[in-house]
Amino acid sequence: MHAVILAGGKGVRLRPYTTALPKPLVPIGDEHVILDIILRQLAAQGFRSVTVAINHLGTLIRAVVGNGSAWGLTVEYAEEGAPLSTVGPLFGLVDQLPEHFLVMNGDVLTDLSFECLLAQHITSGAPLTVATAPSVSKVEFGVLDVREEHIHGFTEKPTLTYHVSMGVYAMSRSTIARYPAGLAYGFDQLVLDLIERGEYPASYLFDGLWMDIGRPDDYDEVNRTFEALRPRLLPERSAVSVA
């Protein structure tokens, strides 16, 4: 099994932590960085090769991860000459990827089974499978159902539940083969293009642990709770320590 980790972003929302470090290398707890945890999880679930897409401060990621042997993985790098958004880095890798593979952002901490996600994707035959999580939003106002300038309904401060992308995907090589290398392209654009073509992506609904480290508050919360979450993120502690 092969995984592509998207680690080329500047992490603007996480400044000042990302002023000198790429987001995947910000420390988690006393022993780890985000990318270390992800690589441990992939190795524990049977993945053996990884491509890391890098750009901003990519030399630091190369220096820390190296060839991946510390995790029992073979790691190679795809360096962007210019920002290619979230799916664009894959277009230049088509000839190097297996038919089915995992893609994930380099700033996600979750106890999702990447192996099961990829297996379901292969079985479903979908062009893309998106790991999705339920997100609950409380509306602080009364919501009106307005049609043709008349009110047909009213709900007082409703609670709405959405399915949101976790930043973890399973994909097929044939899905991206039609796009040219070097094209800056986002996952949102890919999903909308597939829908327009009638090639509907699949959803892999997950209600376990998922932490998107996007803002300083998110990062502080992860570090505050990491010791309690460690058994779920790292079921078996190994001798590898990267910090």
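Phe91, Tyr179 and Tyr185 form one aromatic cluster. The model is predicted. This briefing covers that cluster, then Leu233 in helix α7, then a nonpolar surface patch made by Leu144, Val146, Ile151 and Phe154.

**Aromatic cluster**

- The structure has 4 aromatic pairs under the rule applied here.
- One of them joins Phe91 and Tyr179, whose ring centres are 5.0 Å apart; the planes meet at 15 degrees, so this pair is stacked, the limit for stacking being under 30 degrees.
- Phe91 counts as buried because its relative accessibility is 4%, and buried means under 20%.
- Tyr179 has a relative accessible area of 9% and is therefore buried as well.
- Tyr179 also pairs with Tyr185: the ring centres are 5.1 Å apart and the planes are at 40 degrees, so the pair is tilted.
- An angle of 40 degrees falls between the cut-offs of 30 degrees for stacked and 60 for edge-to-face.
- Tyr185, like Tyr179, is buried.
- Tyr179 takes part in both of the pairs described, with Phe91 and with Tyr185.

- Leu233 is part of helix α7, which spans residues 216-233.
- The relative accessible area of Leu233 is 2%, so this residue is buried.
- Leaving aside residues up to four places away in sequence, Leu233 is in contact with Gln41, Leu109, Thr110, Asp111, Leu209 and Phe226.

**Nonpolar surface patch**

- Leu144, Val146, Ile151 and Phe154 make up a nonpolar patch on the surface.
- Together these four residues have about 410 Å² of accessible area.
- Two strands, β9 (143-147) and β10 (150-155), each contribute at least two residues to the patch.
- Ile151, one of the patch residues, lies in strand β10.
- Ile151 has a relative accessible area of 57% and therefore counts as exposed, the threshold being over 50%.

**Buried and exposed positions**

- Phe91 at 4%, Tyr179 at 9% and Leu233 at 2% are buried positions.
- Ile151, at 57%, is exposed.

Definitions and conventions
Residues numbered from 1 in each chain as written. Predicted model: local features only at pLDDT ≥ 70, side-chain atom pairs only at ≥ 80, totals over all residues. Heavy atoms only, no water. Patch = residues over 30% accessible without salt bridge, like charges linked within 9 Å, V, L, I, M, F, W, Y side chains within 5 Å. Areas by Shrake-Rupley, 256 points an atom, 1.4 Å probe, with all protein chains shown as cover. Salt bridge = Lys/Arg side-chain N within 4 Å of Asp/Glu carboxyl O. Helix = DSSP H or I, 4+ residues; strand = E, 2+ residues; numbered from the N terminus. Buried < 20%, exposed > 50% of the residue type's maximum accessible area, 1.4 Å probe, protein only. Contact = heavy atoms within 4.5 Å. Phe/Tyr/Trp six-rings, centres within 6.5 Å; stacked < 30°, edge-to-face > 60°.
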